[in-house]
Amino acid sequence: MMTGHFTLPLAFDLAATFFFAVTGGLTAMRKGYDFVGVFFLALVVGLGGGLLRDGLFLQQMPTVMEPHYLATVLAAMAVSLLLGERLNRLAMVFLVVDALGLGLYAMVGTQKALLAGLSWVPALLIGVINAVGGGVIRDLITREEPLVFRPGEFYAAAAFAGAALFAALVVGLGVTAQWAALGGIGLVLLIRLASVRFGWKTRAARALIRSSDAADSGV
Amino acid sequence: MMTGHFTLPLAFDLAATFFFAVTGGLTAMRKGYDFVGVFFLALVVGLGGGLLRDGLFLQQMPTVMEPHYLATVLAAMAVSLLLGERLNRLAMVFLVVDALGLGLYAMVGTQKALLAGLSWVPALLIGVINAVGGGVIRDLITREEPLVFRPGEFYAAAAFAGAALFAALVVGLGVTAQWAALGGIGLVLLIRLASVRFGWKTRAARALIRSSDAADSGV
Amino acid sequence: MMTGHFTLPLAFDLAATFFFAVTGGLTAMRKGYDFVGVFFLALVVGLGGGLLRDGLFLQQMPTVMEPHYLATVLAAMAVSLLLGERLNRLAMVFLVVDALGLGLYAMVGTQKALLAGLSWVPALLIGVINAVGGGVIRDLITREEPLVFRPGEFYAAAAFAGAALFAALVVGLGVTAQWAALGGIGLVLLIRLASVRFGWKTRAARALIRSSDAADSGV
């Protein structure tokens with residue numbers, strides 16, 4: 001299944017790291033953390049998803065320990081420190097940066113899992129976990145309810161749709177990974193932005209078989 | 001030490017996944033998560049303990065990535081969505097389902113650790129961590145104080161007692177793993193239900209050597 | 001790069017486990033956990049950093065599963081149960097015990113990463129993560145804001161400075177690991193105690209390029 005066209009340039013991985021690290025840095029600025037806190041939150045959010053993917057799911061030495069990933073986190077930290085106050089005023093910035101990281105990591109995670117020989121079901125799952133992992137860690141550490149669980153956000157669903165498009169294009173249609181990834185990232189970005197722009201809302205899941213009391217009271 | 005009789009059927013592992021995934025799904029329903037949230041919490045709680053066991057402690061490719069585990073999580077999600085409202089009214093349901101997951105994972109974790117060549121001390125520890133891991137993750141994500149740390153719950157202690165009985169029966173007495181596991185699970189269930197039924201309470205640990213002030217004030 | 005002089009005695013690792021396990025046990029006593037909760041928090045805090053280091057970053061079977069680590073945790077639990085009430089009255093005790101664990105794990109983590117063949121940048125990072133990991137897990141479980149992120153604490157910075165001194169002495173100057181580690185631990189302890197004694201404060205990171213509004217309002 002894995003042919004020569006099936007690789008993604010390192011730039012995708014580093015870009016995902018960068019964008020998520022920026023969301024970590026911006027969050028740390030908003031929370032009033034000091035320099036070390038800004039660095040650590042950028043580090044954990046930028047590298048967390050990839051670390052779970054490599055170290056826990058794929059049982060590989062985490063690539064994220066290599067120096068260019070750390071340099072990427074430092075760049076994201078610099079952006080957060082330089083522009084944090086200005087960027088944090090614009091809710092749109094956080095949304096877009098987070099969506100870019102989400103899309104990129106969904107592609108990178110799916111691709112690495114396929115490359116490790118997993119079939120497409122676990123590969124998509126690892127892609128989604130790679131994509132949402134950094135944000136879940138960010139939210140746990142800063143004691144927010146994780147975005148992925150909050151109703152009314154097409155978050156994990158967006159990552160899943162993008163990863164599925166990517167896998168279908170690469171494995172099914174033989175599109176090169178790079179073009180397929182651009183398509184998948186575009187889809188993730190589109191779903192995230194459209195869901196906010198048009199106020200798409202998911203609802204709290206309701207039991208399909210309700211108890212009679214609940215039906216009576218009209219809840 | 002590892003003879004041919006020392007295996008547990010896959011059904012034990014899948015049943016543990018199913019029961020814990022149901023506790024995740026029911027919790028997500030109660031918290032008002034949407035469908036994706038219900039799926040993810042069922043996934044994380046159902047597979048979390050096994051993932052820690054395989055990926056972190058035993059350094060093996062996590063079996064939980066295989067499609068039949070995912071199908072089990074989807075089945076648990078369906079149960080939660082169909083019956084969640086009704087089941088969440090009955091505190092007993094959650095207690096029993098959680099206790100079954102706890103017992104099953106304590107057996108499966110201990111057995112896999114023994115099979116990996118670990119001696120019984122770390123094997124019991126991994127069994128307990130496998131058993132309580134999913135629930136700890138569930139409680140951290142939903143920002144509850146983890147059940148395992150709350151005074152007045154024979155939770156980890158029940159998992160430990162069951163795992164110890166299992167190891168003693170299999171390793172010491174040569175009972176086949178399947179029968180030993182049924183005994184161990186029964187013990188876990190018994191301890192959990194009896195502790196609630198008869199109001200067994202543990203107390204906050206008190207320092208054995210108190211400071212004189214505390215003794216004076218009668219605290 | 002790795003010569004024969006480059007090993008640390010097991011005592012360093014066990015001492016780090018002991019000190020962090022004591023901070024876990026003392027925290028559990030203060031929180032009113034029962035005996036099982038005291039044991040588990042001591043276990044998780046004492047072994048958490050080493051577990052992340054081995055199982056996630058270095059992809060090795062976690063050494064912390066071996067019985068003498070568990071015995072060390074039990075000893076720390078005994079100290080917490082015997083002296084917890086008395087020790088918890090003295091804020092200095094917690095500070096010093098935590099600082100000793102921090103320094104020891106920073107050395108052990110850096111050394112193991114270097115020994116695994118990593119270059120010094122990721123080795124220092126793993127040393128710092130090893131050092132702060134247990135405390136972050138302790139704070140997450142007990143729902144405190146992690147110490148490493150709180151402004152005004154030279155915490156991760158102290159671990160980093162000590163690890164860097166250690167690496168420089170061992171790799172650069174050929175000092176034996178044991179002496180270099182004593183130097184590094186001393187530096188960590190000095191920074192932690194001095195920062196509290198002299199009220200050193202870091203400040204919340206402020207954007208270097210402020211928005212004009214903020215400048216106007218004098219914030």
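Mentor: Buried means under 20% relative accessible area, exposed means over 50%, and partly exposed lies in between (1.4 Å probe, protein chains only). This is a predicted model, in which local features need pLDDT of at least 70 and side-chain atom pairs count only at pLDDT 80 or more, while totals for chains, interfaces and linings use all residues. Residues are numbered from 1 along each chain as its sequence is written, chains are lettered from A and ligands numbered from 1 in the order written, and side-chain values use heavy atoms, without hydrogens or water.

Trainee: Why does C:Gln59 count as buried?

Mentor: Its relative accessibility is 18%. The cut-off is under 20%. So C:Gln59 is buried.

Trainee: What about A:Gln59, buried or exposed?

Mentor: A:Gln59 has a relative accessible area of 17%, so it is buried.

Trainee: Where does A:Gln59 lie?

Mentor: A:Gln59 is in the loop between helix H2 (35-57) and helix H3 (67-88) of chain A. Helices are DSSP runs of H or I with at least four residues, numbered from the N terminus. C:Gln59 lies in the loop between H2 (35-57) and H3 (67-88) of chain C.

Trainee: Why is B:Ser195 called buried?

Mentor: The relative accessible area of B:Ser195 is 6%, so it is buried. B:Ser195 sits in helix H7 (residues 177-197) of chain B.

Trainee: Which residues does B:Ser195 touch?

Mentor: B:Ser195 touches B:Phe154 and B:Trp200, leaving out residues up to four places away in sequence. Contact means heavy atoms within 4.5 Å.

Trainee: How much area do chain A and chain C bury between them?

Mentor: About 3000 Å², with 68% of it on carbon and sulfur atoms. Buried area is the accessible area (1.4 Å probe) that two parts lose on being put together, summed over both.

Trainee: Which elements give two or more residues to the side of chain A that touches chain C?

Mentor: They are H2, H3 and helix H5 (120-141) of chain A. H2(A) gives the most, with 11 residues.

Trainee: How many salt bridges does the rule find across the interface of chain A and chain C?

Mentor: The rule finds 0. A salt bridge needs a side-chain nitrogen of Lys or Arg within 4 Å of a carboxyl oxygen of Asp or Glu.
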